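Have the viewer ready and follow along.

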Amino acid sequence: MKRRQFIQQTSASAALVTVGGFGLSSFSTAEKSKKITILHTNDVHSHIDPFGPEDGRNPNQGGVARRASLIDSIRQENPNTLLLDAGDIFQGTPYFNYYGGELEFKLMSMLKYDGATIGNHDFDNGIDGLFAQLPHAKFDFISANYDFSNTIMDGLAKPYKTFTKNGIKIGVFGLGIELAGLVDKNMYKETVYLDPIEITQDMTRILKEDEKCDLIICLSHMGYNYKNNPEKISDLVLASKSKNIDLIIGGHTHTFLSKPTIVKNSLGKNMLVNQVGCYGINLGKIDFYFDKEKNVTSEGNSIIV
Amino acid sequence: MKSQHLLIVLIAFLLFNCKQDAWQLHRIQGAQININDTLQPDADIEAFIKPYREHVNRDLDSMLSYAPETYSKSDGEFNTAIGNLFADAVYEQSNPVFLKRTGKNIDMVLLNHGGIRAIISKGPVTARTAFEIMPFENSIVVVGIKGSQVNELVKYLSKAKRAHPISKLHVVLNKDYEILEADISGVVIDTSKTYYVATNDYLYSGGDHMTFFQPEESLDVLDYKIRNALLDYFKTKDTINPVIDNRFIKLNK
C-alpha cells in the first residue's frame, strides 16, 4: 500500500506545480501498458564457443554468437530491454588462460550488456588482472558489498545503476559472495566484504525512496541456496529477508531452475529469484508489464512462470 | 462557497490525474531460453572470435612432446605411469624455483589421484593435453612439515589405497596394507626433522582429507600453476617415457 500512496503523492505534487496548464502528457497518450524485458546470464566462465556435438553433458549448447542473435531478435521485439550478467565471466576455457578475459569483455560489450556484477572467479588473475581488462568492458560493474577503497579497483565498480526505459525507472544493485576462504587473499587483496543484508537495506531504500525506481533488481553472485547450510546468505535467504526487490538475478551455484522461483519477501509480497545454470547454455528472460494504476486491482501482481 | 467548490474540483482532478499518471507493475512473466543449434550465429560476432579461436587452437595443438603409449590413472593399483609423470614433473619444475628462493631442496611431492582429469593418448603431446589432464588452476606450494607429519602422510596413503601421485617418497605395504617401509630418497624418515613437501594449494588446505599439512613449519607459495609446470616439463622432453615403478607398492606377504 505504501508504494501506491507514495506514487500518488509524488504525482499530485507534480501536478500542483503545473496546475492550470492541464497539458499533462499522460492525458493525451493512449498507451495502456508498458513492457520492460530483463535478459540475464550468469557463470558463463569463458565459454565463448558452443559445446561440441560429442560433449557428454551439453552437446551443441551455448555459444556467444548464437546468444547475440537471440538477444538481437528480443531487442527488436522490445527495445525496452536490459541485458545483465551475474558474475563469473572469467575462467573455464583456454580463452581465459590465453587472453586473461579480454575476449569475454569485448564480446559482452559487442552484445551491449548493460551491467555485470563481480564473481569470485573474476579475481582468478588477481584484482590487478580484473583491473587490467576493464578498458575492454563498455558496460559497468555493479557491486555494492565489495568495498574496493584500498584497492586498484577503487571507484571502478558502482554500488548501483539506474536505467530509464520508456519512462520506467529501473534500479540495479550488485552483491558478491564472501571471498575469504573461497579466493586467495593475495588475489582479492584489500577488498572488504560487507554484509549483504545490511547493504540491501541501504540499496533498496536509496533506489526506492531517493531514486524513485519503479523496478528494483538485485544482481547477485551469492548463490541460489545452501541446503546443508540454510543460514548461509543466499538469494533465497536475501529474498525472504528483504523488501522492495522485484527480481534477484543469481549466480555462483550454477543452478539450473526449470522456472524462476517465486519467494515471499519480508512484507509477504511475491518476488522472483532466477538463475540460468552456467556456461551460456541458457538466457533468462523476465518481462515486467506495467499498467496504468486504475487498471490494477489492489496489490495483486500476477506472476506467470 | 465558490472557492471551496473549486478546491473540490481541483482535488478530484488531481486524484483522477494521478490515477492516470502512475505506472504500476501488474504482471511478471518469466522464461528461460536454451541456446542451441537452432539459433543462427551472429556473423559479426563469429568473425570477431575467429582469429582468437584460431590462435588458441594453433597453440593448443602444437606438439610439445610425444607419447609412445596411452597412459591412464587406472593403469596401476598404487602407482601409475601418468601419476608418476605428474609428480616427477612437479618435482623437476619446481625444485629449481624453490632452491633459488630458499636455498633448500624439495624433499618429496604428493598430489592427488583425483587431480588427474584425463588420459595422455599415444601420439603428440600438446598444450591441450596439459589443459585436459589439469583443467584446474591449482598452484604449487611447498609445505615444511615435521617428520612426524610425514609419517601421518604415509599412514594416509596406506589407508587411502589409491595411486596418489608421489615423487621421492618410497612406501611398501604388506598384504594387510600395513607399512613395511617408508623412506624419502632412500633415507628413513626422521620424526623431528623438517621435510619440504611440494603439493598443491587445494591439498594443503585439507582437500581430499589431507589434514597432515597443517600446522606447518613453513609455507612457500611458488606462484607456479600445476598446469604450467606440466607444460614446461613437456617442452623439455622430446618423448615422455613414464613407467610404473616400485615407489609405492604392496607385497603379498
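## Confidence and conventions

Chain B has an average pLDDT of 92, and 92% of its residues score at least 70; pLDDT is the predictor's confidence in each residue, from 0 to 100. Over residues 9–20 of chain B, pLDDT stays under 50, and the model has 22 contacts beyond four places in sequence for this stretch, where a contact means heavy atoms within 4.5 Å. The scores of the model are ipTM 0.88 and pTM 0.79.

This is a predicted model, in which local features need pLDDT of at least 70 and side-chain atom pairs count only at pLDDT 80 or more, while totals for chains, interfaces and linings use all residues. Residues are numbered from 1 along each chain as its sequence is written, chains are lettered from A and ligands numbered from 1 in the order in which they are written, and side-chain values use heavy atoms, with hydrogens and water left out.

## Chain A in outline

Chain A contains nine helices and 14 strands; these are DSSP runs numbered from the N terminus, with helices (H or I) of at least four residues and strands (E) of at least two. Of its 305 residues, 55% count as buried. Here buried means under 20% relative accessible area, exposed means over 50%, and partly exposed lies in between (1.4 Å probe, protein chains only).

Among the contacts in chain A with a separation of 6 or more, 76% are between residues 24 or more positions apart. The chain exposes about 12,700 Å², and carbon and sulfur atoms supply 50% of that area. Accessible areas come from the Shrake-Rupley method with a 1.4 Å probe, and for residues only the protein chains shown count as cover.

## Salt bridges

Side chains of opposite charge can pair when their charged atoms come close. The rule used for a salt bridge is a side-chain nitrogen of Lys or Arg within 4 Å of a carboxyl oxygen of Asp or Glu, and by this rule there are 21 salt bridges over all chains.

In one of them, A:Asp128 pairs with A:Lys189, with 2.8 Å between the closest N and O atoms. This pair links distant parts of the chain, 61 residues apart: A:Asp128 is in helix H6 (residues 126–133), and A:Lys189 is in the loop between helix H7 (185–188) and strand S8 (192–193). Both ends are partly exposed, A:Asp128 at 34% relative accessible area and A:Lys189 at 37%.

A:Lys161 and A:Asp140 also form a salt bridge, their closest N and O atoms being 2.8 Å apart. A:Lys161 lies in strand S6 (residues 160–165) and A:Asp140 in strand S4 (residues 140–141), so the pair ties together parts 21 residues apart in sequence. A:Lys161 is partly exposed at 21% relative accessibility, and A:Asp140 is partly exposed at 22%.

## Chain B and a network

In chain B, the side chains of B:Lys50 and B:Glu54 meet in a salt bridge of 3.6 Å, N to O. Because they are four residues apart in helix H2 (residues 43–61), about one helical turn separates them. B:Lys50 is partly exposed at 45%, as is B:Glu54 at 39%.

Which residues are linked in a network of salt bridges? They are A:Asp49, B:Glu46 and B:Arg53.

## A nonpolar patch

A:Phe131, A:Ile152 and A:Leu156 form a nonpolar patch on the surface, with about 230 Å² of accessible area together. Patches are made of residues with over 30% relative accessible area and no salt bridge; like charges are joined within 9 Å and nonpolar side chains (Val, Leu, Ile, Met, Phe, Trp, Tyr) within 5 Å. A:Ile152 sits in the loop between strand S5 (146–147) and S6 of chain A, and it is partly exposed at 37% relative accessibility.
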